[in-house]
Amino acid sequence: MIRTLLADDEAMIRAGVRAILETDGGIEVVAEAADGRQAVELARAYRPDVALLDIRMPRLDGLSAAAEIRREVPATAVVILTTFGEDAYIARALSEGAGGFLLKAGDPRELVAGVRAVADGAAYLSPRVARHVIDELSGGRMSREAEARARVAELTARERDVLALVGAGLSNAEIAARLYLVEGTVKSYVSAILGRLDLRNRVQAAILAHEAGLVGGDA
């Protein structure tokens, strides 16, 4: 039996979700919360297998509640169930450890499938959300990172060292001190890097350094 916690500030929504889940004989709703703070408290008390959280709730929003639940009750998987499918919400939910992201406009069967999937340790995204994620991975960050790595591969090892420190926000004087060079030499390196990579200024260089994973903690 999959023990589930529901959190939504609208009682009618909770009643509808409960009715859908209980069409599956293997899912039991053990607690209901009307806000995010109560969801965290009930998760601690009931330790459900799955917490199903709305995003916009009073006292504590669902994304913050997800983070607390994942931190304090790590055995409880979290699924976000919301009206709002903005990229920022999806990205934050996944980064906070949510195993599922469902839209209230979706097919009710997705709700049952999502709860079952995360309870088994898998992930589940509604088809519309999955489309956003795939687009981001195929045409967004991953491709930018690959392109950035290819561009900086053209630089010498010393130029990459300098670019990494530009990305970390260091001035020419600070880079010189860090690499035991004179400031004029660093200035020449920076100018060469900008020219070779067709960058207009240090801001663009810093962004490229981060995308290429040169800056500490990016890789």
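Me: Which residues have the most contacts inside the largest nonpolar core?

Reply: Start from the general idea: in soluble globular proteins, nonpolar side chains tend to be buried together. In this predicted model, the largest nonpolar core has 27 residues, and those with the most contacts inside it are L5, L53, I69, V78, I80 and F101. Strands 1 to 5 and helices 2, 3 and 4 each give two or more residues to this core. Take L53: leaving aside neighbours within four places in sequence, L53 is in contact with A7, A39, G62, A65, A66, I69, V78, V79, I80 and L81. Apart from that core lies another, of 22 residues, among them V190, I193, L197 and A209.

Me: OK, now the strands. How many bridges join strand 1 to strand 2, and how many to strand 3?

Reply: Keep one thing in mind when you look along a strand: in a regular strand the side chains alternate between the two faces of the sheet. Here, strand 1 pairs with strand 2 in the parallel sense over six bridges, and A7 has A33 of strand 2 as its bridge partner. Strand 1 also runs parallel to strand 3, with four bridges joining them; there, L5 stands opposite A51. Five of the six residues of strand 1 are buried, so strand 1 is largely enclosed by the rest of the structure.

Me: What do strand 1, helix 1 and strand 2 make together?

Reply: A β-α-β unit, and a right-handed one; helix 1 covers residues 11–21.

Me: Next, D54. Is D54 buried or exposed?

Reply: Go by relative accessible area, where buried means under 20%. D54 comes in at 6%, so D54 is buried. You'll find D54 in the loop between strand 3 (50–53) and helix 3 (62–72). Not counting residues up to four places away in sequence, D54 touches A7, D8, D9, G62, L81, T82 and K104. An unreviewed UniProt entry annotates D54 as "modified residue: 4-aspartylphosphate".

Me: Last one: which residues of helix 8 are buried?

Reply: When you look down a helix, remember that an α-helix has 3.6 residues a turn, so residues three or four places apart point the same way. In helix 8 (residues 157–167), the buried residues are E159, V162, L163, A164, L165, V166 and G167. Just after helix 8, G169 takes a positive phi of about 90°. For residues 148–213, the unreviewed UniProt entry lists "domain: HTH luxR-type". In the model that span is 73% helix and 0% strand, and its end C-alpha atoms lie 9 Å apart.

Note on methods:
Residues are numbered from 1 along each chain as its sequence is written. This is a predicted model: local features need pLDDT of at least 70, side-chain atom pairs count only at pLDDT 80 or more; totals for chains, interfaces and linings use all residues. Side-chain values use heavy atoms; hydrogens and water are left out. Buried means under 20% relative accessible area, exposed over 50%, partly exposed in between (1.4 Å probe, protein chains only). UniProt positions are given in the numbering used here, feature names are shortened, and annotations may be inferred rather than shown by experiment. Contact means heavy atoms within 4.5 Å. A nonpolar core is a set of buried Ala, Val, Leu, Ile, Met, Phe, Trp, Tyr and Cys residues joined through side-chain atoms within 4.5 Å. Two strands pair if DSSP finds at least two bridges between them. A crossover is right-handed if, with the strands pointing away from the viewer, the path from the first strand over the helix to the second runs clockwise.
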